[in-house]
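Let's work through a few exercises on the structure below.

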Amino acid sequence: MTQTRAALRPTVLTALLAALLSVLLTPTPASAASLQEVTGFGSNPGALKMYRYVPDGLPAGRPVVVALHGCTQNAAGYATGTGWTTLADRWGFSVVLPQQQSGNNSSQCFNWFQDADIRRGQGEAASVAQMVDRQLADVSGNASRVYVTGLSAGGGMTAVMMAAYPDKFAAGGVVAGLPYGCAQAAGSPFVCMYVGATQTPAQWGERVRAARPGYTGPWPALTVLHGTADYTVKPVNMTDLVEQWTDVQGADRTADVSDTVAGHPHQIFRGPDGKAVVETYSIDGMGHGQPVDPGSGTEQCGTAGAYFLDVGLCAAHRLGKAWQLG
């Protein structure tokens with residue numbers, strides 16, 4: 001028995017030493033990235049807050065996504081609820097998350113309907129543009145691959161940024177939002193939301209062109225996702241967005257692709273050069289909110305909750321694929 005123990009002792013010690021060395025030599029994982037507030041990003045005429053998410057070890061030259069929350073929401077909740085931060089880690093891009101302040105709007109809505117906030121160089125639109133410039137400088141981002149998206153009032157502000165700063169954005173994604181200049185066309189933001197504005201496609205397009213006089217393009221491509229049972233922002237606003245941006249892009253209003261994605265009607269409108277310039281997802285039976293598809297699948301993202309609606313399709317993933325983020 002003594003000899004057996006003696007024979008086993010070196011083997012046991014060797015195994016213990018090997019295990020200890022394995023632990024000591026294994027690098028400690030870097031702490032996970034987190035949402036950070038950025039101050040001093042410019043004159044900030046719209047008095048917004050800037051938050052951002054930058055995955056650990058993000059290399060230079062990567063895309064930037066600007067994600068604008070809806071009313072009653074904030075940057076942190078929108079970042080996780082939509083799945084944008086999950087996709088940023090998965091595909092390698094950074095996210096800018098503007099946040100409204102109650103002093104600007106008591107319901108935390110971006111002021112997509114206020115003249116002073118939707119003009120180039122003014123108000124909230126200028127603040128968001130300054131955030132983009134700061135982010136590109138800080139992370140050495142790709143200025144030709146900046147995208148903007150948002151929900152509801154954030155969707156309305158997405159259209160604002162595409163119109164007032166088309167030179168900064170390659171594409172935009174409006175979720176349950178409204179066309180640029182809708183409140184001015186309808187005479188009231190509420191008429192715009194609940195009824196829609198009476199405009200021809202050319203009139204819609206002219207509102208965008210007037211936001212950036214003399215600009216000859218390229219204009220950002222547009223993707224729209226809207227629920228058919230949305231009674232807060234009526235689906236007619238998606239129709240108006242299609243009319244507005246096909247006119248701006250010089251495309252007709254006959255879809256070049258009509259199919260379904262995850263069971264929901266999907267259309268693509270191509271410009272004169274054959275590129276997709278407007279894309280729509282009409283989410284059957286969905287009310288007012290951001291489409292999400294919780295889970296660990298390759299096409300899944302987002303977390304279900306108030307205004308984050310599980311419909312088996314994740315808006316952030318569909319936008320990211322359209323923008324070739326991953």
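Helices (H or I, at least four residues) and strands (E, at least two) are DSSP runs here, numbered from the N terminus. The model is predicted, and local features need pLDDT of at least 70, side-chain atom pairs count only at pLDDT 80 or more, while totals for chains, interfaces and linings use all residues. Residues are numbered from 1 along each chain as its sequence is written, and side-chain values use heavy atoms, with hydrogens and water left out.

**Exercise 1. Find the element that gives the most to the lining of the largest pocket.**

Step 1: On a 1 Å grid over the protein atoms alone, a pocket is an open set of points where a 1.4 Å probe fits, with protein on both sides within 12 Å along at least five of seven lines; lining residues have an atom within 4 Å of a point.

Step 2: look at the space. The largest pocket comes to about 780 Å³ (the volume filled by probe spheres set on the points, which are joined across faces, edges and corners). It has 31 lining residues, and A170, A171, A221, A276 and A322 sit closest to its centre.

Step 3: go through the elements. Strand 7 (221–227), strand 10 (276–283) and helix 10 (315–322) each give two or more residues.

Step 4: sort the lining by class. You get 19 nonpolar, 5 polar and 7 charged residues (Ala, Val, Leu, Ile, Met, Phe, Trp, Tyr, Cys and Pro count as nonpolar, Asp, Glu, Lys and Arg as charged, and the others, Gly among them, as polar).

**Exercise 2. Describe the lining of the second largest pocket.**

Step 1: this pocket holds about 310 Å³ of space. Its lining has 19 residues, with C71, C109, S152, A153 and M193 nearest the centre.

Step 2: helix 7 (residues 189–194) supplies the largest share, 3 residues. By class there are 12 nonpolar, 7 polar and no charged residues.

**Exercise 3. Work out how helix 4 and helix 5 lie relative to each other.**

Step 1: helix 4 (residues 123–139) and helix 5 (residues 153–164) pack at about 75°, and their axes are 10 Å apart. Axes are lines fitted to C-alpha atoms, for helices over the stretch in contact, and angles run from 0 to 180 degrees between N-to-C directions.

Step 2: angles under 35 degrees count as roughly parallel, over 145 as roughly antiparallel, 65 to 115 as roughly perpendicular and the rest as oblique. Helix 4 and helix 5 are therefore roughly perpendicular.

Step 3: E124, A125, V128 and A129 of helix 4 meet M157, V160 and M161 of helix 5 (contact means heavy atoms within 4.5 Å). That contact divides into 6 nonpolar, no polar and 1 charged.

**Exercise 4. Which residues does the cis peptide bond join?**

Step 1: most residues other than glycine have a negative phi, and most peptide bonds are trans.

Step 2: the cis bond joins G217 and P218, with omega about 5°. P218 lies in the loop between helix 8 (201–211) and strand 7.
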